[in-house]
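Here are my notes on the model you sent. Please read them with the structure open.

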Amino acid sequence: MARGTPKKVCVVGAGMSGLAAARELRREGLGVTVMEQCGDVGGQWLYDPRIDADDLLGAKAPVKVHSSMYASVRLVSPRECMGFSDFQFVPRPGAAGRDARRFPVHREVYHYLKDFCAAFGLADAIRLNTKVVRVAMAAPPPRDACCGGGGYSNAKWLVRTRHVEPDGSEAGVAAEEVFDAVVVANGHYSQPRLPSIEGMAAWRRRQLHSHSYRVPDPFRDEVVVVVCCGESGLDIATELCGVAKEVHLTARSVEEAAMPAPMVSKMLSKHAGIRLRPQVDRLCEDGTVVFADGSRAAADSVIYCTGYTYSFPFLDTGGLVTVRDNRVGPLYEHTFPPALAPSLSFVGIPTRIFAPWFFEAQARWIALVLSGKKALPPEEEMLRAVQEDYRAREAAGVPVRHTHAIPAIDRKDICEFVYRHTDLPRMEDWKMELFTISFVNTMEDRETFRDRDDDSENVREGLRRWRRVSVAQYELR
Ligand SMILES: Cc1cc2nc3c(=O)[nH]c(=O)nc-3n(C[C@H](O)[C@H](O)[C@H](O)COP(=O)(O)OP(=O)(O)OC[C@H]3O[C@@H](n4cnc5c(N)ncnc54)[C@H](O)[C@@H]3O)c2cc1C
């Protein structure tokens with residue numbers, strides 16, 4: 001590359017992770033192009049009333065509609081813990097359509113991400129309605145294991161895109177462009193993970209994944225089985241019980257159905273209309289759903305709230321990065337594939353972290369490495385670290401599918417990552433405390449935790465400082 005020409009970096013996706021990446025890469029003087037398939041930024045937070053109507057289960061990959069947000073979603077984490085380090089998620093009480101609450105509705109996050117884009121002048125880097133259909137090495141260079149980074153660290157990438165029309169169809173001829181690096185930030189709450197249940201394929205009544213759930217109205221007066229009592233299962237069962245004739249919510253086992261977690265018990269005690277059942281054993285052609293304890297329900301609809309899987313339908317790494325049992329690997333620190341680092345990287349893979357703080361840290365690290373300010377260990381060392389991480393997780397009994405879960409509640413791993421790889425300011429103690437209290441309150445009662453007012457004096461003092469500093473951050477921009 002000619003001296004002085006900045007590296008050209010393509011970012012796939014303009015959600016929280018992609019925007020974090022764009023901002024950090026620009027800060028380091030790199031040439032950034034963000035490809036976004038939707039007509040606006042925001043990713044999951046760009047609520048889309050459309051659903052994948054011809055594939056309600058989302059069984060065909062990739063799904064056409066990206067966002068899985070249902071209309072009633074409110075944040076589970078306090079907004080004070082959900083800001084970029086230098087652009088906090090402050091309430092904007094005077095601004096139209098805003099929700100100033102600590103746990104606002106999903107639309108507030110979208111507005112915040114739009115504000116972030118405007119504040120850092122990112123719009124001109126983003127190509128909307130542009131879907132990435134292929135990312136592959138442009139003429140793979142010979143492997144050149146050098147110090148720092150992988151054997152293909154200097155690979156260039158051919159990115160093929162197609163224009164997306166407002167109705168979601170892809171139009172025109174594909175465009176191709178070569179980049180020095182690609183940052184993948186395409187999210188992982190879109191492609192349903194479906195259970196394998198006897199009779200599912202033959203069942204003729206309505207079955208959908210929560211990806212295709214938006215509002216309760218279509219289920220009025222129905223008998224609905226909600227599979228899995230995770231976060232979305234609990235939310236959806238609760239709001240359905242106001243409109244449906246019967247709601248059957250399934251636990252993971254007969255034992256769990258008999259002795260549910262306190263959070264589930266609390267919810268059941270408030271909603272007599274929800275019956276907790278063990279897992280579904282089979283679906284019968286006449287519409288009967290048989291549960292593992294032999295009990296039955298004549299259901300009109302089954303909603304699978306069974307989570308999502310990682311999916312990179314556009315990415316061709318020749319097998320150097322794979323997704324197996326929801327493990328994307330190998331990825332050094334969930335970010336760089338050792339053989340391809342740093343020319344290929346990922347932002348947003350980890351779950352249960354502080355978002356967007358963690359994404360910001362991943363993005364900052366990538367930007368520092370691509371600009372030459374930080375070096376990566378050699379490929380073999382990165383691979384060894386990945387294997388060690390896998391072994392430690394296995395020894396701790398963590399299933400493979402939870403490889404990328406780094407619980408924020410444990411704090412240590414997340415903070416160590418951020419402080420080890422970046423110069424971002426430390427997460428203040430009061431925020432940690434607020435996050436922990438909110439988490440504990442959620443466990444106690446999912447429906448009222450947002451309305452509690454039990455901040456400690458430490459949190460109140462932190463909040464006073466936060467308001468002063470963060471409002472000034474907005475005004476500065
Ligand atoms: C129902 C629900 C509730 C949630 N609640 C919370 C919460 O309370 N708190 C919290 O912290 N997190 C919550 N999350 C998780 C939240 O979505 C993530 O924290 C965050 O949005 C991830 O951002 P991201 O940028 O990595 O991915 P996304 O937001 O998914 O953004 C990815 C972007 O990439 C684009 N893209 C994908 N493929 C392509 C392609 N081929 N070409 C071009 N563009 C592409 C997409 O259109 C999208 O804009 C929730 C998620 C769901 C589904």
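1. Into which domains is the protein chain divided? Domain 1 takes in 8-71 + 128-190 + 308-421, and domain 2 covers 206-304. These bounds come from an automatic or database domain assignment. Residues are numbered from 1 along each chain as its sequence is written. The model is predicted, so local features need pLDDT of at least 70 and side-chain atom pairs count only at pLDDT 80 or more, while totals for chains, interfaces and linings use all residues.

2. Domain placement. The centres of domain 1 and domain 2, taken over C-alpha atoms, lie 34 Å apart. Contact involves eleven residues of domain 1 and nine residues of domain 2. A contact requires C-beta atoms, placed from the backbone, within 7 Å. On the side of domain 1 that touches domain 2, seven residues are nonpolar, three are polar and one is charged. For these classes, Ala, Val, Leu, Ile, Met, Phe, Trp, Tyr, Cys and Pro are nonpolar; Asp, Glu, Lys and Arg are charged; the others, Gly among them, are polar.

3. The ligand shell. There are 31 residues around the ligand, and G13, G15, G43, G187 and G348 come nearest. A residue counts as near if its C-beta atom, placed from the backbone, lies within 6 Å. Two or more residues each come from α1 (16-27) and β4 (130-138). α1 gives the most, with three residues. By class, the shell holds 15 nonpolar, 14 polar and two charged residues. Helices (H or I, at least four residues) and strands (E, at least two) are DSSP runs, numbered from the N terminus.

4. The parallel sheet. Five strands make an open sheet, ordered β8-β15-β9-β10-β11, with parallel pairing. Pairing here requires at least two DSSP bridges between two strands. β8 (206-209) and β11 (274-277) are the edge strands; each has a single partner, so one side of each has no neighbour in the sheet. From one strand to the next, the twist averages 20°. Axes are lines fitted to C-alpha atoms, for helices over the stretch in contact, and angles run from 0 to 180 degrees between N-to-C directions.

5. Four bridges link β10 (residues 246-250) to β11 in the parallel sense. T250 sits opposite R277 in β11.

6. The antiparallel sheet. Three strands, in the order β12-β13-β14, form an open sheet with antiparallel pairing. Which strands stand at the edges? They are β12 and β14 (296-298); each has a single partner strand, so one side of each is left without a neighbour in the sheet. Neighbouring strands are turned by 20° against each other on average, direction ignored.

7. Its strand pairs. β12 (residues 280-283) and β13 (residues 288-291) pair antiparallel over three bridges. V280 has F291 in β13 as its bridge partner. The two strands, β12 and β13, form a hairpin with four residues between them. In the turn, G287 has a positive phi of about 100°. β13 and β14 also run antiparallel, joined by three bridges. There, V290 stands opposite R296 in β14.

8. A loop residue to check. A341 lies in the loop between β18 (327-329) and β19 (344-346). Is A341 buried or exposed? A341 is buried, because 25 other C-beta atoms lie within 10 Å. The cut-offs are 20 or more such atoms for buried and 12 or fewer for exposed, with partly exposed in between; C-beta atoms are placed from the backbone. The C-alpha atoms of A341 and V369 are 9.4 Å apart, with the residues 28 apart along the chain.

Terms used
Two residues are in contact if their C-beta atoms, placed from the backbone, lie within 7 Å.
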